[in-house]
Amino acid sequence: ETAVGGQLMTVRTPAARYDDIPLALRGSYQAENAALALTAVEAFFGGRALSGDVVEHALMAVTSPGRLEVVRTSPTVLVDAAHNPHGAAHTAAALEEYYPGRRVGVLAMMADKDVEGTLGQFEPVLDAVVVTDMPGERAMDAEELAQLAREVFGEDRVRVERDLLAAIDEAAGWAEAEAGEELATPVVAVLGSVYLAGMARQIMGKGTPDEAPTTQNGAGTGH
């Protein structure tokens, strides 16, 4: 179940049951990742149960940069490295679960990804999107991506801002301006690429130029 800063989970492994363990990550797929990690550690220790205190402290301290990671508040800005339909589906579900207010995406994608399929997963949970650019030959040009986004989201829900920081500010202003009297805090979600997530973390002071989110976690094959 959801909790402040993450979630509470109960895990039954071959060796034990661990009740109400706090996990400092959002998204049901992260709970699945944690359950797999816990079971693997039990196996390394001969299949025996682990101390509940050890499990609790470990999963309270775990981080996953670039995976539903909050990098700014007021309004909330988060980055997520989902870059294909499978990963986008996980991210979309988590956005609905944790952020019930107005949601505006900042998007850039590589041209060799399933762009239409990924946009289709995001469309039901994003009220609007600001399309931006990334460096590199593989990156899809913002105008080309925006055209595809308009086909999925509609003309009025898509804007283009080629500079990433300006795009985040544009999305924040758009989210706040149309939030109205909603009690839920609006959120800006930077999505669509591992590289974009790394860039956003850097400009928000959360990473270094050569640091990018990893792709080997459980949603790794699809997130």
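A: This is a predicted model. Let us begin with burial: a residue is called buried when its relative accessible area is under 20%, exposed when over 50%, and partly exposed in between. In strand E9 (residues 187-191), 5 of the 5 residues are buried, and the strand is mostly covered.

Q: Which way do the side chains of E9 point?
A: In a regular strand, side chains alternate between the two faces of the sheet. Here Val187, Ala189 and Leu191 point one way from E9, while Val188 and Val190 point the other way.

Q: Which strands pair with E9, and in what sense?
A: Strand E5 (residues 76-79) pairs with E9 in the parallel sense over 4 bridges, and strand E6 (residues 103-107) also pairs with E9 in the parallel sense, over 5 bridges. Ala189 in E9 stands opposite Leu78 and is also the bridge partner of Gly105.

Q: What is the strand order in the open sheet of 3 strands?
A: The order is E1-E2-E3, with antiparallel pairing. Strand E1 (2-3) and strand E3 (17-23) are the edge strands, each pairing on one side only. Between strand E2 (residues 6-12) and E3 there are 5 bridges; Leu8 has Pro22 in E3 as its bridge partner. Helix H1 packs on this sheet, touching E2 and E3, and its direction makes about 45 degrees with that of E2.

Q: Which residues form the nonpolar patch on the surface?
A: Val41, Phe44 and Phe45 form the patch, with about 340 Å² of accessible area together. Phe45 lies in the loop between helix H1 (28-44) and helix H2 (52-61).

Q: Why does Phe45 count as partly exposed?
A: Phe45 counts as partly exposed because its relative accessibility is 46%.

Key. Residues numbered from 1 in each chain as written. Predicted model: local features only at pLDDT ≥ 70, side-chain atom pairs only at ≥ 80, totals over all residues. Heavy atoms only, no water. Patch = residues over 30% accessible without salt bridge, like charges linked within 9 Å, V, L, I, M, F, W, Y side chains within 5 Å. Areas by Shrake-Rupley, 256 points an atom, 1.4 Å probe, with all protein chains shown as cover. Salt bridge = Lys/Arg side-chain N within 4 Å of Asp/Glu carboxyl O. Helix = DSSP H or I, 4+ residues; strand = E, 2+ residues; numbered from the N terminus. Buried < 20%, exposed > 50% of the residue type's maximum accessible area, 1.4 Å probe, protein only. Pairing = 2+ DSSP bridges. Contact = heavy atoms within 4.5 Å. Axes fitted to C-alpha atoms, helices over the stretch in contact; angles between N-to-C directions.
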